[in-house]
Structures are given as C-alpha cells and as structure tokens.
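I opened the model today to look up a few features one by one. My notes are kept in the order in which I checked them.

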Amino acid sequence: MHVECPNCRTVYEVPAIHFADGARRLRCTECGYRWNQTASDAELNEGKKSTPLLDMLEPAMNMEASAAINVDIAGDDGDDDGDDDGLGGLTSSSGTVASAALDQQAADDAYADIDSALAPMPAPTIEQNLAAMGRRWQWGLSLVLATVLLSLLILGRQSVASAAPFTQSLYRGLGLEPWSALRRWDLCLETRNGSELRYSLRNTSTFSRSMPDLYATDASGALALIDGPTGSLRAGEVVTGVAAVDGLNLDQPQSLALATKTDPSNARVYGSC
Ligand SMILES: [Zn+2]
C-alpha cells in the first residue's frame, strides 16, 4: 500500500496489514510531519517512487475517542520529542482534532444560494428584449435611426428651422435652407429717381431670412448686381430701399430680379409695384 506524506508528498510503501485494525499514526522520515493514516484514505498511486519504509509506526489510535477523552498528561511535551509510546501521539492528537459542528447560518446561506441559482429565470420584459435586440443589431438600428433622424431634419427642416431659428444658419451653411432662396420674396420696383431705384422687398415666408441679392436686368439681358438691403428680414417684414444704378444701361421697362447667380435663366424677375 502506498502512503503519501501530506506535508512533503514523499510516498512510502507500507504493508496494508499494519492498517488492518484502523487508523495508525505515522511520522514522515523526510520532514518529520506526523499524521493519522487509515487504510481507506491511503494514497494508492502505484506510479510514484517509493522509499523503503516509514521510520515509525505508532500504535493504532481512535480519533473520536481521543477527541472525546481529551487526555492531558502533565509534563508530556507532545509529539515533538519523537517518542513512540503512543501516549504522546494521543495527547497531541486530542489537542489538534478540530470540532466539526454544523454552522447553521452558513448552511442556510448555502441553501439560499442554491435556491437562487436554481430559481426559474423571470421572463424578459419587452424592454429587455428590445435592449437585447438593440445590442445584437446595434449597428443596423443605429444606421436606421440616424437615417430617419437625418431625413426628418432634412424633409422637416422647414418646421425645425421655424421652431429653432438658430438652425437656419446651419441649414444655410449646408445649402439646405428650408426655403428656396428665391421663393417667398415679394419684390417690386417703386420708382426710379435718376440714378436710384427705389424698391420694396417683403419676406412672405414664415422664417427670418437673410436678404437675397438684388439684380437689375440691363439692356443686353444680363443681370447686374445692385446694392441690395443687408441683414435679415423677419417673417412678413417689409424693407424699402434705394439702389444706385449709376453706369448701368438698364433694360426698359425696368425690372428687378432675384437670382443666386448672374444667369438670367436662374432669376425671378419682378416688375413695378
Ligand atoms: Zn514528509
């Protein structure tokens, strides 16, 4: 039978007959460690190298009995003296056997843990399902949401710009003004006084807008930029201004135009008031 020292793992070959009557106290010759060995928990690993024999085979002893009796012999210094009369082992053993009382609280805690681990999982709520789906399809959903949001901001930019005027400059910068640059303006030529054209411009949209460029059509049909109003016009606001047309050979009858570039096909032309 193979016996392994619990301390240094040295393996000994011991005839099983020595354990026929129960536990036996052993001492390791390598490290001096002492322990109680029974045949049932002997290490039966045949692959390990073995040393010939244990140094000592103390008499069999009853662990429970020694713990119960708790013998204490005055003057005995325990196992450290290496005696082999059995009394030392008995005495020392009585002092080191640990109580194995059940801790009720620890047992309750353990059972509670097991109960909670075995408890049926609550069915996931709709929110949890959505969250899980959102994690799985995070990319796709994000893309869809971003597209929808962008579409709303573009298609509904008239409402957005109306509700939040500070977004107008942003839209304008992106070339996504919620209004056509040329629509919703009411422009007319009031009078011509010498080298000056007097005009009236009204913002008929529901937005505050920056002033458009004003053009006059010259005799060749081309557009000539004239001094238009500056700043912005609130919704429904009217501005009356005077533009100098010195040096311009204006078309007759005279007209004014709004355009985004000096291209007559791009212009909206307005006549007299
Ligand atoms: Zn040992």
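The entries below go from conventions to strands, cysteines, salt bridges and surface.

**Entry 1: conventions**

This is a predicted model, so I note that local features need pLDDT of at least 70, that side-chain atom pairs count only at pLDDT 80 or more, and that totals for chains, interfaces and linings use all residues. I number residues from 1 along each chain as its sequence is written, and side-chain values use heavy atoms, with hydrogens and water left out.

**Entry 2: the open sheet**

I looked up an open sheet of three strands, with the order β6-β7-β12 and antiparallel pairing. Its edge strands are β6 (185-193) and β12 (238-244), each of which pairs on one side only. On average, neighbouring strands here are turned by 25° against each other, direction ignored. For that angle, axes are lines fitted to C-alpha atoms (for helices over the stretch in contact), and angles run from 0 to 180 degrees between N-to-C directions.

Strands here are DSSP runs of E with at least two residues, helices are runs of H or I with at least four, and both are numbered from the N terminus. Two strands pair if DSSP finds at least two bridges between them.

How many bridges join β6 to β7? I find eight, with β7 covering residues 196-203 and the two strands running antiparallel. Within this pairing, L189 stands opposite Y199 in β7.

**Entry 3: the cysteine link**

I then turned to the cysteines. A disulfide is a covalent bond between the sulfur atoms of two cysteines. The angle about the S-S bond is 85°, and the link of C188 and C273 is right-handed. C188 lies in strand β6 and C273 in the segment after β14 (268-270), so the pair ties together parts that are 85 residues apart in sequence.

Next I checked how covered each end is. Buried means under 20% relative accessible area, exposed means over 50%, and partly exposed lies in between (1.4 Å probe, protein chains only). C188 counts as buried because its relative accessibility is 16%. C273 is exposed, with a relative accessible area of 57%.

C8 has 31% relative accessibility, so I log C8 as partly exposed. C31 is at 35% and also counts as partly exposed.

Is β9 covered or open on its faces? Both faces of β9 (residues 214-217) are covered. L214 and A216 are buried on one side, and Y215 and T217 are buried on the other.

I followed β9 to β10 (residues 223-226) and found four bridges, with the strands running antiparallel. L214 stands opposite I226 in β10. The two strands form a hairpin with five residues between them. In the turn, G221 has a positive phi of about 90°.

I then followed β9 to β13 (residues 256-258). Three bridges join these strands, which run antiparallel. A257 in β13 is the bridge partner of Y215.

**Entry 4: salt bridges**

My cut-off is a side-chain nitrogen of Lys or Arg within 4 Å of a carboxyl oxygen of Asp or Glu. The structure holds three salt bridges.

- R9 pairs with E4, the closest N and O atoms being 2.8 Å apart. R9 counts as exposed because its relative accessibility is 52%, while E4 is buried at 11%.
- R198 pairs with E190, the closest N and O atoms being 3.5 Å apart. R198 is partly exposed at 39%, and E190 is partly exposed at 34%.
- R234 and E237 meet at 4.0 Å, N to O. R234 is exposed at 56%, and E237 is partly exposed at 26%.

**Entry 5: the nonpolar patch**

Which residues make the nonpolar surface patch? I list I126, L130, M133, W137 and L141, with an area of about 540 Å². Patches take residues with over 30% relative accessible area and no salt bridge; like charges are joined within 9 Å and nonpolar side chains (Val, Leu, Ile, Met, Phe, Trp, Tyr) within 5 Å. Areas come from the Shrake-Rupley method with a 1.4 Å probe, and for residues only the protein chains shown count as cover.

Helix α4 (residues 126-136) gives the most to this patch, with three residues. L130 lies in α4. At 49% relative accessibility, L130 counts as partly exposed.

Notes. A disulfide is a pair of cysteine sulfur atoms within 2.5 Å.
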